[in-house]
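Subject: Structure handover

Hi,

Here is the structure I promised to pass on. Please load it first, then read my notes below.

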Amino acid sequence: MSVKKSMEDLTKDLQAKRAELEQGGGPDRLAKQKKDGKLTARERVDALVDPGSFEELGLFAQHRQTLFGMAGKEVPADGVVTGAASLDGRLVHLASQDFTVLGGSAGELHSHKVADAMEMSLHTGSPFIFINDSGGARVQEGIDSLSGYGRVFFTNVELSGAVPQVSLICGPCAGGAAYSPALTDFIIMTKKAQMFITGPQVIKQVTGEQITAEALGGADAHMAHSGVTHFTAEDDADAINICKRLLSFLPSNNLEDPPRLPHDNNVDPNPALRTIVPVEGKQAYDVRDVICGVVDRGDFLEVQAGYAPNMVVGFARILGRSVGVIANQPSYLSGAIDINASIKSSRFIRFCNAFNISLVTLVDVPGFLPGVQQEYGGIIRNGAKMLFAYSAATVPKIQVILRKSYGGAHLAMCSKDLGADRVYAWPTAEVAVMGAEGAVEIVFRKEMEKAEDKAARRAELIDEYRSTFSTPYVAAGRRLVDDIIDPADTRRHLAQALEYLQTKRDHRPPKKHGLIPL
Ligand code: HXC
């Protein structure tokens, strides 16, 4: 007759079992993970959330695979740590893949655990954070692992626009597994990580191209070339800090406003703003100096800093309120809008709109970038994304015209006609259908041909056109500009407008969804 164990013994067994499972792949594999310069799955969770706040769910989950040597094989937590926690005092849900357990590969149970945590995010209106470090779908589990990932993708889409989703890529993220991060709002990638759909070996077999894994799918490649990632982190600790900082700007869900931080009410003039932008339209400067000159403590979290640098986007605060800043960057391609800049800014605008973050747009743009590659690449379809994103956005929208604002690009940078609630222009602003040089070629070509001194007549006409249209006064006369302001007072105007616009409501006709030109 078997004797029932005492409660004390059962509790000891439980503690031993728990301790064993928390060791993941065991001391040797954990040591290797550390030797590789990475934190372990549990260390990442500890570093991310408030001390003592993590509630783990599913530690005892076990796969049910019996083939390919898996029968009875212990796979601690099925290779992923999942649960709820508080982060800077706010609820989050998370999943952290454990590379020491079968390479963090995602079996059926693994993916169900991830998707369950995601659904808890949705039900509780809290952000979801997915720390990736995995060889992808668990090959031994075949289509069960494929199906599990399918549920993760589906749930990513359910959460999209309802709660913020952030992916940290801290190790391999290979094959179809890369599509879960791609479905989230922000990807933070460490320099130890690699992401690709097909690796170098498959590429060599199929296309003959030779490339290293790092050059193909490293953090720098995804920032500079593919635009897949939003932040590059030195290491795990840096990625976690970026994640925390990013979340600090965001509400927990789409029904809340972003948290307003304490502020000192300081809107004193900043005379430095009068000297950053050269009056001469062709001279370059760094628009980030303007951004830092108007936002709280010069604190600006730039998103996709290494991608399409002709457009700067990111988060900041004005009197403690989160804002999304979109700005042309005259120091790169003269700030012209190309395909990548349009895609980058449109995505950012839509994120801000989904999560009730007001938009501040700083304009100094000569136009859309001309070129055969731009036209063949679909600058029409892709540039239209900006028009669509701004027009569809119902959050407070403020445009500040710093200098040039020409043509379609003027409209695309959130003009009055695209629903800007406030348009401010600096005295240097030039609002025109196109630059004066181009305009006289179209309107006065014949007249210039007839002139004795063609160059002198051309210069005269350019001057005339510029002084007529290339000022903020004509646009203000047509109520396309609400006010022409001293640059030094920009912060005060923005703070006041954000205050007065906080109750803005903009109801659109009901429909399933609009059809942004993809
Ligand atoms: C099962 C896996 C695995 C996987 C790694 N492992 N990936 N087990 N399924 N997908 C196991 C390895 O067998 C090994 O187990 C352990 O994890 C560590 O892996 P190593 O190869 O020793 O580590 P490393 O040299 O650091 O290389 C890591 C890696 C490599 C680059 C991720 O393991 C790799 O290329 N894995 C396969 C990646 C891949 O092709 N994934 C696609 C899966 S199919 P042992 O016990 O030997 O230590 C897929 C389809 C899409 O994703 C599904 C929809 C999303």
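Where is the place of Asp 88? Asp 88 sits in the loop between strand 2 (80–87) and strand 3 (90–97). Keep in mind throughout that this is a predicted model.

Asp 88 is not a glycine, yet its phi is positive, at about 50 degrees. Its relative accessible area is 53%. That is over the 50% cut-off, so Asp 88 counts as exposed.

Arg 479 is another case. Its phi is near 55 degrees, again a positive value in a residue other than glycine. Arg 479 lies in the loop between helix 20 (472–477) and strand 16 (483–484). Arg 479 is exposed too, with a relative accessible area of 52%.

**The chain as a whole**

The chain has 518 residues, and 51% of them count as buried. Its secondary structure comes to 21 helices and 16 strands. Along the principal axes, the C-alpha atoms fill a box of roughly 115 × 60 × 45 Å.

The UniProt record, an unreviewed entry, places the feature "domain: CoA carboxyltransferase C-terminal" at residues 265–500. Over residues 265–500 the chain is 42% helix and 19% strand. The end C-alpha atoms of that stretch are 15 Å apart.

**The second largest pocket**

This may be the part for you. The volume of the second largest pocket is about 290 Å³. Its lining has 13 residues. Lys 282, Lys 404, Tyr 406, Glu 437 and Arg 466 lie nearest the centre.

What is the make-up of the lining: how many residues are nonpolar, polar and charged? Six are charged, four are nonpolar and three are polar.

Domain 2 (273–434 + 471–500) and domain 3 (436–469) each give at least three residues to this lining. By element, strand 13 (397–406) and helix 17 (436–443) each supply at least two.

**Helix 3**

Which residues of helix 3 (residues 41–48) are buried? They are Ala 41, Arg 42, Arg 44, Val 45 and Leu 48. These residues cover an arc of only 155 degrees around the axis, so they fall on the same side of helix 3. Note that Arg 42 and Arg 44 are among the buried residues.

**Where to look**

Start with the second largest pocket and the residues nearest its centre, including Lys 404 and Glu 437. Then check the positive phi values of Asp 88 and Arg 479.

Best wishes

Terms used:
Residues are numbered from 1 along each chain as its sequence is written. This is a predicted model: local features need pLDDT of at least 70, side-chain atom pairs count only at pLDDT 80 or more; totals for chains, interfaces and linings use all residues. Side-chain values use heavy atoms; hydrogens and water are left out. On a 1 Å grid over the protein atoms alone, a cavity is a set of points where a 1.4 Å probe fits but cannot get out, and a pocket is an open set with protein on both sides within 12 Å along at least five of seven lines; lining residues have an atom within 4 Å of a point. Grid points are joined across faces, edges and corners, and a volume is the space filled by probe spheres set on the points. Helices (H or I, at least four residues) and strands (E, at least two) are DSSP runs, numbered from the N terminus. Ala, Val, Leu, Ile, Met, Phe, Trp, Tyr, Cys and Pro count as nonpolar, Asp, Glu, Lys and Arg as charged, and the others, Gly among them, as polar. Domain bounds come from an automatic or database domain assignment. UniProt positions are given in the numbering used here, feature names are shortened, and annotations may be inferred rather than shown by experiment. Buried means under 20% relative accessible area, exposed over 50%, partly exposed in between (1.4 Å probe, protein chains only). The arc is that of the directions from the helix axis to the C-beta atoms.
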